[in-house]
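Dear colleague,

I am passing on the structure below, and after it you will find notes on what was found there. Please read them with the structure open beside you.

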Amino acid sequence: MINLTINNKKFQVEEGTTIFDAAKLNNILIPHFCYMENVHQIGSCRICVVEVEGGKTLMASCVTPATEGMVVHTNSERVRDVRKVIFELMLSDHPKECLSCWRNQNCELQDLGNLIQLHEFRYEGAKSKDVVDSSSPSIVRDSSKCILCRRCVTVCNEIQGVGLMNPHHRGFSTFIGPSEDELLGESVCTNCGQCVLVCPVGALKEKDSTAAVWEALYDKSKTVVVQTAPAVRAALGEVFAYEPGTLVTGKMAAALHQLGFDYVFDTNFAADLTIMEEGSEFLERVTNAFTTKEKDHVLPMITSCSPGWIKFMEHRYPDQLAHLSSCKSPHMMLGALTKTYFAEKMNINPAKLYVVSVMPCTAKKFEITRPEMFSNGLADVDAVITTRELGRMIKDAGIDFRSLEDGEFDSPLGLSSGAADIFGTTGGVMEAALRTVHELVTGRELPGIKLHIKPLTGLSRIKTAELKIENPLPAYSFLNGVIVKVAVTSGLKGAAELLEQIKNGTSPYHFIEIMGCPGGCISGGGQPRPVNDAIRTMRLEAIYREDEGKLLRKSHENVDIQMLYRDFLGVPLGHKSHELLHTVYTQRSKN
Amino acid sequence: MSTPIYQLKRVDFIFKDEKDWKEILKNSINRPAHELINELISSELKGRGGAGFPTGLKWKLAAEVDDPIKYVICNADEGEPGTFKDREILSKVPLKVLTSMAVCGHVIGSKEGYIYLRGEYFFLQPELNKSIGEFKDYCNEINFDFTIKIFMGSGAYICGEETALFESMEGKRGEPRNKPPFPSTFGYLGKPTVINNVETLAHCYTIFEYGSKRFYDLGVQYSRGSKLFSVSGDTPKPGIYELELGMSLVDFVDEFGDGDTKAVQVGGASGFLVPRKGFRETTIGFQGKLTGISLPTGGSMMLFNSSRSMYNVLDNYLEFFREESCGQCTPCRVGCQQLLNGIKAVKRGEKNAQYLNKLMRLTETMQYTAKCGLGQSVANSFSAIVENFREEMIY
């Protein structure tokens, strides 16, 4: 243990604790800015400097370890003085257009301003950057607002392993982004939006689609259908000051109806459908692998629900695309069904249908622009808005979210199982698939407490599990005794590790779930801020609560899904499914 | 302040021939590590790059770390405006530097050394590589395992900062790291590393050759030995001179000035500017309790005579820092630019003279909060120029 004194009080902390953490553990808050717990501690903004007695200069508390006998002052005259000047320097190179900034009132620079209380600008001067890059369908980079905290650099490099966001040039001309003339929309950016999630100011934002959605809502000639992804209900509440992990499924459905959407569907319905299709595809691949001599089976099969992950794969491993499940992501399936099955059923001209997806994801905005996501010249989904954008629309419409009575999803694309709920968290798709696959193969329920596969839950980067097939049904007798090996990862750095194994021929797995964002969709790039592991855990628990609270826990038992196959699709992997629910991938360049 | 006791004394160690290098190498690597460390410690040699960290202690710290892989790096990224001595050392007596690197390898337990050569010094590379080849041949001959390679810098001033230099060598963007950890435990590739300036290594050779006493006897308390000075500016005899440390600036100006010196910039753009009235009380060396105002320097001594506009001098420095800041920490990245804007605004009359005081507070913030020496040192020249040549700043 280390003894140190902070602001004249003596404390003991464990060796290796930073001054910042030592203070925090003892309820002393040191104003800070670029710091992100466990993720980004580089001491670049210098807001968190403190005075250490005997030191020639002040120390950045977030990176300086506490040492024995250290005497620290976090609020001395000098500390408060320089903090003010540093904050002023930050502002001197930042536009003062707060009222028209989309981060107004939700901006960490404003929060810092509330702490620091600056009443005059002494240092006015040059602005270093003015590039606005809106070439990407998902993310807008407004460099004029960038404060160079480098959080996006850390997540893009250290966590996602994409390595696109980096500092360029030097000195005052330093800017963060892709290299000089490279546009986000033409780069290897996966659109995951993790950078958007951590940006403290308005420099990185989702490309706003609310205007297009409002326009559709006001267009009397259009039937506007909305669907919501599993993870949205576990986080939307945070926009309205609910505790993280509060489920607001009913209020969300009610708010969507109030906003004027004609039909409110649940992407979860399509998650169940995905399990039917993807589970069948997996069984088909496994059957080929175990019963035919030809080497045309490609295992492991990898999930394809996460468009950020898909684009990463297309750039980084263009020769391994056959490992990807051919299933479209759930909201794309639902979009395609809305404009066919639903349109037919309701006798609506599909061209007059406008489908909006509410997603925890910025990459979905890119996904809907892919040419494969059009059927008969019509986009499967017309607009994607993130959880944050939906929050803004609800506020904009003057809806008092907290006092809403719970509403319901509409039929026939609204009913879903608990297996669909857990799509929203890392490990969920795998568990949902195995609930169905195991039962199809053995005729018995997936073993495990409450149908969960414990090793696949939680926030670890790479999770693995083995499932032994015992006494299968006669049709699958060739699988008797086979141990099915699965792996789950979230975040693209883990994905690259698993893909390297596949590339080297050393992957032991049959089935892999990959989600582009750490933790899965619950902390997708379109979710409310802030996101940290504590909040991830609360959202994750909410998702499992939603699952466990349902009587219907398995996708193949969803009666509306059964009806869909009976009335429209036929069988999983059938002709109609291939036409509407499956897709192909594109080889993309590595840089 | 104290009257200078020591007159200007020329010394000739560094550029003295290096013909005995084989013998010195052989003798040194046959001495136990602790003995060599003690030799350096008792010489009181301090780092000649400008920061003045005791060299013996630096070697000792790295020697004490238990790791099979360690590195010796010679910092030849000589980028401080007004310094050009390392270039001369590397072209005239490269084997001295190589020898000391190898002895350091012996002391700390390292088999690999690198010379981080300033990008603009590419022309030194062929000759230096020849010396390295000759050196390697001899090492093989005496069965001593130490390899030296050149790593070319790419022109960024900040890469002379030791941790930024490591980053650069690792193929990353050259930016200073947080300290601690220090290079002796976590340097190049995260391994224990000794990084010494070219001149420091050349002095080590002198100490190995003549013993610590010869070195210690030169200079004054806290500032032992001699030092190379790169003399430039308004002087009839620009060049490189080896002088004893502890000299008074007034003696220096008497020797090198043109009779009209109004200020001397000691230690390059990041160093200290001394106006005429301060010459008498200033000595050149490392800070110590007894030495009064004593200014360390990496060797750059720039003289300005009365024809020079100190506004232009400062403008030039700030332009330099604005561009050479690595761009990582706020105080340095934005501060340098706003200082530049600030003095221009005062000069143009857009801001009143009092604004200079606000700018002084800004430099003070940079001094206390910038991540590395670059940002911290901007205050030195700024405050000296603004305080002593205020009129030139305004009109």
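**A helix and a sheet in chain B**

In H14(B), the buried residues are B:Leu374, B:Gly375, B:Gln376, B:Ser377, B:Val378, B:Ala379, B:Asn380, B:Ser381, B:Phe382, B:Ala384, B:Ile385 and B:Val386, where buried means that 20 or more other C-beta atoms, placed from the backbone, lie within 10 Å of the residue's own. Helices (H or I, at least four residues) and strands (E, at least two) are DSSP runs, numbered from the N terminus. Because 12 of its 16 residues are buried, H14(B) is largely enclosed by the rest of the structure. Its cover includes helices H11 (310–324), H12 (330–347) and H13 (355–369) of chain B, with contact taken as C-beta atoms, placed from the backbone, within 7 Å.

This is a predicted model, in which local features need pLDDT of at least 70 and side-chain atom pairs count only at pLDDT 80 or more, while totals for chains, interfaces and linings use all residues. Residues are numbered from 1 along each chain as its sequence is written, and chains are lettered from A and ligands numbered from 1 in the order in which they are written.

Chain B also holds an open sheet of 4 strands in the order E3-E2-E1-E4, with parallel pairing, two strands being paired if DSSP finds at least two bridges between them. Its edge strands, E3 (147–152) and E4 (193–197) of chain B, each pair on one side only. Strand E1 (residues 71–76) of chain B pairs with E4(B) in the parallel sense over 5 bridges, and B:Cys74 stands opposite B:Asn196 in E4(B).

With regards

Definitions and conventions
Contact = placed C-beta atoms within 7 Å.
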